[in-house]
Every structure is written in C-alpha cells, then in structure tokens.
Amino acid sequence: MAWRVANALDKLLAQLDALAPNRNRASDGSIGDTSHQNRDSDHNPWYGPGIVTARDFTHDPGGGLDCHWLAARLVEVRDWRIKYIVWDRRIVDSRTSPWQWRSYHGENPHTSHLHLSVLPNPSCDDVTPWDLGVAAVFDSEEHSVELTPGTFVSKTLVCPSVAADLVISLGFVTFTVHHIKFFGPTPETGAAELASYGEQFVDPARPYVTPAPAGAVTAEILYTLAPGTPQHTAVAAFRAR
C-alpha cells in the first residue's frame with residue numbers, strides 16, 4: 001500500500017531540522033512497525049489515501065532539540081492541527097480535557113522521543129509554518145546545569161544583544177528560581193544590577209519566561225529543586241522577541 005506522512009508533520013520536521021541540523025534522529029519515526037500495525041495507531045496510514053498522521057521527534061538537547069521545550073511550545077501555541085502529544089510519561093490532547101497534561105501509562109514512556117499526532121482532516125496537510133518562536137531551540141550544552149534536591153545552584157548566562165526573553169525549563173519537575181538578576185556595564189564599576197526577580201515557582205507543565213531588560217549583559221540564575229524530586233537538568237536560553 002502506498003503511503004505518505006501528513007504534510008503538516010513534514011513541515012514541522014523540516015523546521016526542526018533547520019533549527020538543529022546536527023541533532024540525533026535515532027528515535028525519529030513516521031510509519032509504524034509491525035507492533036503498530038497490529039493496533040490502533042496514528043503511525044498507520046489509515047487516513048485518506050494512505051496518510052500517516054503521526055511523527056516522532058528524537059529528544060537530543062545536546063544536538064539542539066530539547067523535547068521539553070518542544071512539548072511546552074506546542075501546548076503554548078495550541079496549533080489547530082494538533083490532535084495530541086505524548087512526551088515524558090504524559091499526554092495532552094486538543095479534544096479530551098483540552099490542552100491539560102495527564103499521566104500517560106502506555107508501554108513506551110516516550111522519554112527518548114516526543115510523539116505528535118495531527119487531526120485526521122484536511123488540516124493535516126496544511127503547510128503553514130509551525131510557530132516555534134525565534135531562536136527557540138535551547139542551547140543545552142552551554143546553559144544546562146545539574147540540580148540536586150536541597151542544593152542551591154547558581155548559573156550565569158551571557159545576554160544577547162537583541163531584545164529577548166529568558167526561558168527556563170526543567171521538563172515536568174517542580175523547581176524554584178530563587179532569583180534572577182540581570183547585570184549591565186557601567187563606567188564606574190564595570191557591572192550594575194538592572195533588574196532582580198525572586199522566589200519564582202515554576203509550573204512543571206510549562207517553562208518560566210521573563211524579559212531581559214534593555215542593556216543587560218549577563219543574567220544570574222539561582223535554582224533549587226523541590227524536596228523529594230529526582231536529580232534533573234535545568235535548561236535556560238534566550239528567545240528573541
């Protein structure tokens with residue numbers, strides 16, 4: 001049987017490959033294997049003239065594609081083509097409890113890749129570019145930090161020269177940003193505090209976002225994990241406005 005992937009998913013694939021050309025693709029997927037063919041799955045070419053309405057995208061923060069970010073961004077935008085997303089033992093559906101993350105108990109926990117299904121209607125072939133933001137892929141190698149519960153960890157980032165938001169993600173783990181301080185240069189001291197934000201609780205379902213003030217050169221972040229939380233990696237990056 002002839003088959004193809006929904007054009008909307010191929011459009012997203014092309015955008016992610018452009019943002020992260022060297023990313024790992026080991027867990028990427030489109031048409032299902034034998035196990036998928038023996039059950040109800042959007043990886044099967046069941047819609048229309050053999051259209052596969054699902055794709056998997058490999059989680060590779062070091063290569064430029066962090067699926068924590070991708071999941072949060074897709075939910076934030078609520079693209080009209082999305083049917084559901086599965087990522088890191090959670091599922092979010094545009095139809096059932098719309099856009100609310102729920103526990104996922106499938107055999108595959110989806111920790112190595114994000115699964116995205118689009119709706120089985122003509123929108124699946126809509127090639128409107130997906131709203132991923134500008135410079136939206138996290139630079140995990142440069143701006144990541146390992147966190148252990150009960151330990152305070154400080155991280156300093158270099159601010160971009162353009163207007164940008166600081167985006168911090170820890171996937172679906174609860175953590176606190178004890179402070180974020182932005183510094184800019186002054187002739188007298190070499191650096192001055194431009195803005196400070198304290199005790200920011202982070203919703204585990206979406207990243208924390210705060211604007212970088214004009215003239216900021218560096219940002220200092222002080223993190224801590226909630227008690228009883230497994231060790232995790234925090235990822236921070238700037239996203240152009």
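## Around Ile-221

Setting aside neighbours within four places in sequence, Ile-221 touches Val-153, Ser-154, Lys-155, Leu-157, Leu-166, Ile-168, Val-177, His-179, Ile-180 and Ala-236, where contact means heavy atoms within 4.5 Å. This is a predicted model, in which local features need pLDDT of at least 70 and side-chain atom pairs count only at pLDDT 80 or more, while totals for chains, interfaces and linings use all residues. Residues are numbered from 1 along each chain as its sequence is written, and side-chain values use heavy atoms, leaving out hydrogens and water.

Ile-221 sits in strand S14, residues 218-225. Strands (E, at least two residues) and helices (H or I, at least four) are DSSP runs numbered from the N terminus.

## A five-stranded sheet

Elsewhere, let's look at a sheet. Five strands form an open sheet in the order S3-S7-S4-S5-S6, with antiparallel pairing; two strands pair if DSSP finds at least two bridges between them. Strands S3 (54-58) and S6 (102-103) are at the edges with a single partner strand each, so one side of each has no neighbour in the sheet.

Strand S5 (residues 90-93) is joined to S6 by two bridges, and they run antiparallel. Ile-91 has Arg-102 in S6 as its bridge partner.

## Helices on the sheet

Helix H1 (residues 7-19) lies across S3 and strand S7 (113-118), at about 15° to S3. Axes are lines fitted to C-alpha atoms, for helices over the stretch in contact, with angles from 0 to 180 degrees between N-to-C directions. Helix H3 (residues 67-77) also packs on the sheet, touching S3, S4 (82-87), S5 and S7, and its direction makes about 150° with that of S4.
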